[in-house]
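Thanks for making time this morning.

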Amino acid sequence: MLRRLGWLIGLGQRSRQTKTLDAEAYVASRVKPLLMVDTVQEIAVYIHRFHNLDLFQQGWYQIKISMRWEDGDYNNSSGIPSRVVQYEALDSTSNDSSGVWKIDDKDNSFLSQPFRIKYARQDVRLCMMVSFTMPLERYEWSATSAVILRFELLYSPIMESIDAIPSAVHDFRIPPKALSGMHSYCPVHFDTLHAVLIDVSVHVSVMKSAAYRRPAVLSSDASNGKNLASGSVQSSKKIASADKKLVSFVKSLLEARDTLLEEMQRLSKAVGQTIDLPEFVSSMNNTLLPESASTGKYVEDEGSGQGKQQNNLEKLNTPFDFESDDYWLRNFSKEHLSRTFHLLGTQLHHLWNTFLAFHRENNTKILEYLRDIWTKDRRAEWSIWMVYSKVEMPHHFISGMDDTSNHSSHKRATSVLKLNDPAQVAATRAELHRRSIAQMRINNRAIQDMHIFGDPMRVPIVIIERVWNAPKRTFSDRSCMRHVDKIDSSLLNEHDNENESAKHNNTPQHSGRELKIVVFVHGFQGHHLDLRLIRNQWLLIDPKIEFLMSEANEEKTHGDFREMGQRLAQEVISFLKRKMDKHAKKYGRLKNVKLSFVGHSIGNVIIRTALAASLMEPYRKYLHTYLSLSGPHLGYLYSSNSLFNSGLWLLKKLKSTQVIHQLTLTDDPDLQNTFFYKLCKQKTLDSFKNIILLSSPQDGYVPYHSARIESCQPASSDNSKRGVAFLEMLNNCMDQIRGPTPETPHHQRVFMRCDVNFDTTLYGRNLNSFIGRAAHIEFLESDIFARFIMWSFQDLFR
């Protein structure tokens, strides 16, 4: 009886022995196909729109989607497109779309309808849902492998010949924990050479397989009663395995059903649209209860001796140990387990179709809600590669000669400080953190971007210091701990400064539209598109910004900083006036203007020189965020890169480049008459609401302390005029950062130093890495560090 019951549910397979073809045909003709007791993974991908951020080529593009099990090969473990729904038809009158979507049976992939891209920031609404079915036959009951979701970008200059070879690929990983049920936003960007944004949402559930199969045929020996003793032992083991597998299937479907129902209710509440499910919810468990529960029968509870009704569905959610718990064999017959499995599958099918219909009616609102959740989770998800700390900003930097009484102790401290070079300490700290990542097991439920999670050891480590003002104290009172009680408690929270800014920005103001402009300034011998990766990230955070990629000093970075600053100021004012006039005509009165700057290398010196120009004075009140990428704010004094210093000396001798003389403070015999000394005395930083200084201890082109605007050990122990001049420059800069902004004195300025530590193994052994140029250029060629910083502090870039 047990053997026949195991055969009935299709799980008790038997090894066949030799038999005649006539016997097989006879038995097969007597057996009808049964519904297969199995589950499948259902993954629906909704493609909302294609947004061109920075594609280099005009032409026809197409999106190809495929998926596979991570632990399988491409041929035998791929998902199969099972359903495609086009929510909206592309505009056929614009000649920007042609053909239809299709499914490629060779690799089980889906290809969208081809569309034409003609200009930057162009939107193409695709609005289609494609569902993939992932077979679970290779796993005993639930998936233990992740799913790799692949997006490919196909391109052709003409419609008739879209290349089958993808121009770019972007992979995502759906971890096993998420396969029981998930609804998530999934932005697709491809790579730095094909910068786009595809708004995608992914919806996952487990479903009952709808396939049929023929039960295993009994062997002739078993039908004749041979080896009954051994056969019964083997059969009982297989029935036990079948029972365990069937119970696991039931629990898997029950978890998927409850997860899907909970997510549907959450989405319904978020978009403000109800889903008609009360009747389903009230009756969904009744049909699943066994006869004893549905008829109100009681079983004896051994612990208390009192009778109570058993809730079998609650029991399903508890950990199941087949070896020690035979509750299911006593209370759920195999027939009822099979019936429960099919009923749960039917319920899931109903819920899934209900969700798809609800999604079709509210696709835009659901996508916006999921995108908001994704945006808020960026900081937590990427915190693996980020280290946060808070440091005190000294009230004043003092040279060693100001404390003659402790001169001998200062010398002893100097020898210790040499062993603790800040750049070396930062690099060591980042390397230790990188090694700790190798020991981590990244195990979460969120979709993982394989550009980042594909090789966690190769991702840059970002060390963020939030700098806060130290209280004033006398020279005799040097203990920071005595003033701990004076620390502003708001600075103990990473978000408080941003929230303060948000509150200030939300205060009632004049009606109108806000104009936000960001100016990007390249470095020495740079190109106006050098900072396009930072620009793209800023556009993703705030698509409403107007940006200026400065060209005023392109191929003109060898001259005087004052001339470069004047050219930049004129370019910015012209752009600003043009945009202000345009917005005033289009939207009426302007509510506010936010003017932000991003500079790389000496582009930061050009920015500060432009801000010091008199013609920029009426516009300083609009300054908002300043992002500095490895800028030599204090020049090249105390540069520790001897090889680079030799190159600078050679340039000064051979070409007599003015900008090199100014950077090294050799443009005047008197240090107090040099360009940099005078620049640090001018108010170029005090009007910014947010200042973020990016540096890298691996960057040999810009002194570490100069990029961070902080002191260094050689300067603090230098009692010469050079050391005094350096500390005066430093204090003048820090006084601007420390004080309140003139326009909003109540506003607490955000000041951060961010150390970016790149994976140096990617550079190899070459001249660029040897002289420190590789890390300096990596700020322009990589955008992962920018994603981490900008998405973790989004309010600073809005």
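Let me begin with strand S3, residues 59-69, where 11 of the 11 residues are buried, so this strand is largely enclosed by the rest of the structure. Please bear in mind throughout that we are looking at a predicted model. S3 pairs with strand S9, residues 147-156, in the antiparallel sense and over 10 bridges, and within that pairing isoleucine 63 has leucine 153 of S9 as its bridge partner. There is also an antiparallel pairing between S3 and strand S7, residues 115-117, made over three bridges, in which tyrosine 61 stands opposite phenylalanine 115. Finally, strand S6, residues 109-111, runs antiparallel to S3 and is joined to it by two bridges, with lysine 64 standing opposite leucine 111.

Stepping back to the chain as a whole, we have 27 helices and 24 strands, and of the 798 residues, 52% count as buried. Among contacts with a separation of 6 or more, 79% are accounted for by residues 24 or more positions apart.

The largest nonpolar core holds 88 residues, and those touching the most other members are Trp385, Ile534, Val598, Leu629, Leu694, Phe785 and Phe788. Helix H4, residues 228-271, gives the most to this core, namely 12 residues. Apart from this core lies another one of 64 residues, which includes Leu595 and Tyr619. Returning to isoleucine 534, its contacts beyond four places in sequence include Val598, Leu629 and Phe785.

Next comes helix H18, residues 603-612, and here nine of the 10 residues are buried, so this helix too is largely enclosed by the rest of the structure. The buried residues of H18 include Asn604 and Arg608, and the elements against which the buried residues pack include strand S19, helix H17 and helix H24.

That leaves one residue I would like you to find, serine 630, which sits in the loop between S22 and helix H19. Is serine 630 buried or exposed? Its relative accessible area is 1%, and because anything under 20% counts as buried, serine 630 is buried. Which side chain does the side chain of serine 630 meet in a polar contact? The partner is aspartate 699, at 2.4 Å. Leaving out residues up to four places away in sequence, serine 630 also touches, among others, Asn604, Leu694 and His776; of these, Asn604 is one of the buried residues of H18, and Leu694 belongs to the largest nonpolar core.

Definitions and conventions. Residues are numbered from 1 along each chain as its sequence is written. This is a predicted model: local features need pLDDT of at least 70, side-chain atom pairs count only at pLDDT 80 or more; totals for chains, interfaces and linings use all residues. Side-chain values use heavy atoms; hydrogens and water are left out. Buried means under 20% relative accessible area, exposed over 50%, partly exposed in between (1.4 Å probe, protein chains only). Helices (H or I, at least four residues) and strands (E, at least two) are DSSP runs, numbered from the N terminus. Contact means heavy atoms within 4.5 Å. A polar contact is a pair of N or O atoms within 3.5 Å; within protein, one must be able to donate a hydrogen and the other to accept it, and residues adjacent in sequence count only if both atoms are side-chain atoms. A nonpolar core is a set of buried Ala, Val, Leu, Ile, Met, Phe, Trp, Tyr and Cys residues joined through side-chain atoms within 4.5 Å. Two strands pair if DSSP finds at least two bridges between them.
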